[in-house]
Amino acid sequence: MKLLDLLYFCILLVISPFLLVYTLLSKERRSEMLGRFFSLADTNTTNPLWIHAASFGEMNLALLLYKKLKQSHVDLTFVFTTGRKPAFLLAKQQTNMPVYWLPFDFSFLVKRFLRRVKPCGLVLIETELWFNMLHETAQVCPIVISNARLGSTSYKRYKKIYFLIHRLMQNLTYTMACNEESYNHFAKLGVSKNKLSLVGNLKFDGQFTITDEEQTQFKKDIGQVAQSKLFVAGSVQPEEFPILWRALQKQGNANFLKLVLVPRHLEKYKSFVQFAKQEAIHLYTLTDSQDDISGFWQDTKQAVLLVNQMGVLRQWYAIADMVFVGGSFCPRGGQNMIEAIALGKPVFVGPYTFNFKNEVKLLKQAKALAICNTEEEAATYLSYIQTNPVVLERQVKQGTTLLEAAKGALEKNSKQIELSILSKRK
């Protein structure tokens with residue numbers, strides 16, 4: 001892979017001025033860059049299982065597998081890698097295992113990481129295929145893709161370089177596809193059918209419950225007033241704020257809802273504040289250092305709460321009366337709507353849900369998810385669902401019933417990991 005290293009080096013040379021500025025501006029970014037170039041991986045773990053999850057959502061799935069495998073393999077150690085800060089922090093919070101930044105895909109960096117960690121196997125969550133990472137890792141241990149996802153857009157892109165991708169796929173020990181579309185795409189890209197299976201979506205096995213005690217404590221922490229009716233917009237983007245705000249304005253006082261925004265990216269906080277100032281919206285903010293939001297609950301006008309905290313989306317979903325899942329009123333492809341539905345909430349999304357095409361298809365067929373294509377449709381849905389409790393109850397029930405029936409992928413994934421990796425562990 002020396003030719004690929006040369007290509008990477010040329011790209012690095014071009015972007016190095018921007019990379020330098022990016023790194024110097026933040027201590028956290030410096031730490032990330034150091035971690036990616038000079039892996040700080042130690043050798044304290046013994047023949048660990050390496051799990052890589054690119055993003056926050058994928059790390060949640062990685063932790064599902066971790067907890068499941070730990071039940072039957074108490075002495076098994078793990079190493080987690082990621083490329084996103086929220087995922088990094090999540091793994092740090094929920095495990096006592098080492099968590100590292102994924103090294104940049106230079107062969108010598110990957111080799112050094114492998115020498116220091118000495119993994120018994122690599123589990124990739126969903127699909128993040130790096131050439132040197134797969135090629136070098138395949139020389140020392142098995143590689144399994146769990147909850148493998150490959151949509152039509154990615155497939156078309158990979159198909160253009162089939163001669164490279166086909167070779168890359170030969171490094172995989174086993175691939176567990178989360179849906180039929182992904183199964184077919186992996187097969188067409190060269191994954192042998194005796195190393196490929198359709199096992200279902202791990203997202204349906206997510207542990208989305210929250211106890212009554214946890215809910216009560218959370219309400220106490222945020223000082224929620226009992227009569228407040230909450231509309232929570234989760235994983236929301238700044239460009240969706242105006243759409244949701246105008247939809248709420250059309251409700252009038254009869255259907256008074258308090259809007260809570262939980263952004264997908266905390267660094268876009270200022271964009272939400274800017275729109276609120278333009279429209280003279282009563283905006284309150286909740287941060288780790290500013291947790292007194294009593295004004296929000298007491299405000300008699302249509303106020304908005306902006307949550308600038310990480311890792312609290314589930315708690316807000318749990319106490320919501322209705323939920324909008326963001327990234328779907330703008331062409332970003334949507335975010336995971338399963339968690340809110342599993343918590344028994346009426347959920348709606350916008351028209352852009354191509355990242356969750358198969359999940360949306362199932363939920364739509366079961367009438368467990370509402371899709372609003374415009375601001376007007378969102379306003380109509382909010383009004384209709386509040387004034388028709390029977391419809392609300394039916395949507396919630398159909399959602400939880402469907403999710404319960406769709407479970408089972410976690411058991412299949414963990415068994416295949418045991419067969420492909422752990423049974424061969426020294």
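## Salt bridges and surface features

Both Glu359 and Arg149 are buried. These two residues belong to a predicted model, and their side chains meet in a salt bridge with an N to O distance of 2.7 Å. The pair links distant parts of the chain, 210 residues apart: Glu359 is in helix H16 (residues 357-365), and Arg149 is in the loop between strand S5 (143-148) and helix H7 (152-159).

Side chains of opposite charge can pair when their charged atoms come close. In this model the count comes to 12 salt bridges. Three of the pairs are listed below.

| Pair | N to O distance |
|---|---|
| Glu359 and Arg149 | 2.7 Å |
| Arg246 and Glu375 | 2.7 Å |
| Arg314 and Glu339 | 2.7 Å |

The side chains of Arg246 and Glu375 meet in a salt bridge. Arg246 lies in helix H11 (residues 241-249) and Glu375 in helix H17, so this pair ties together parts that are 129 residues apart in sequence. Helix H17 covers residues 375-387. Arg246 counts as partly exposed because its relative accessibility is 38%, whereas Glu375 is buried, with a relative accessible area of 15%.

A salt bridge also joins the side chains of Arg314 and Glu339. The pair links helix H14 (residues 313-319), which holds Arg314, with helix H15 (residues 338-342), which holds Glu339; the two residues are 25 residues apart. Arg314 is partly exposed, at a relative accessible area of 27%, while Glu339 is buried, at 14%. Elsewhere, salt bridges that share partners join Glu126, Arg149, Lys203 and Glu359 into one network.

Two patches on the surface may be described next. Asp221, Asp288, Asp291 and Asp292 form a negative surface patch. Of these, Asp292 lies in the loop between strand S10 (283-286) and helix H13 (294-298), and Asp292 is exposed because its relative accessible area is 56%. A nonpolar patch on the surface is formed by Ile161, Phe163 and Leu164, which together have about 260 Å² of accessible area. Leu164 is found in helix H8 (residues 162-169) and counts as partly exposed, with 32% relative accessibility.

The backbone angles come last. Most residues other than glycine have a negative phi. Asn47, however, has a positive phi of about 50 degrees. Asn47 lies in the loop between helix H2 (27-37) and strand S1 (49-52) and counts as partly exposed at 22% relative accessibility. Ser235 also has a positive phi, near 55 degrees. Ser235 lies in strand S8 (residues 230-236) and is buried, with a relative accessible area of 10%.

Terms used:
Residues numbered from 1 in each chain as written. Predicted model: local features only at pLDDT ≥ 70, side-chain atom pairs only at ≥ 80, totals over all residues. Heavy atoms only, no water. Patch = residues over 30% accessible without salt bridge, like charges linked within 9 Å, V, L, I, M, F, W, Y side chains within 5 Å. Areas by Shrake-Rupley, 256 points an atom, 1.4 Å probe, with all protein chains shown as cover. Salt bridge = Lys/Arg side-chain N within 4 Å of Asp/Glu carboxyl O. Lys, Arg positive; Asp, Glu negative; His and termini not counted. Charge placed at Lys NZ, Arg CZ, Asp CG, Glu CD. Helix = DSSP H or I, 4+ residues; strand = E, 2+ residues; numbered from the N terminus. Buried < 20%, exposed > 50% of the residue type's maximum accessible area, 1.4 Å probe, protein only.
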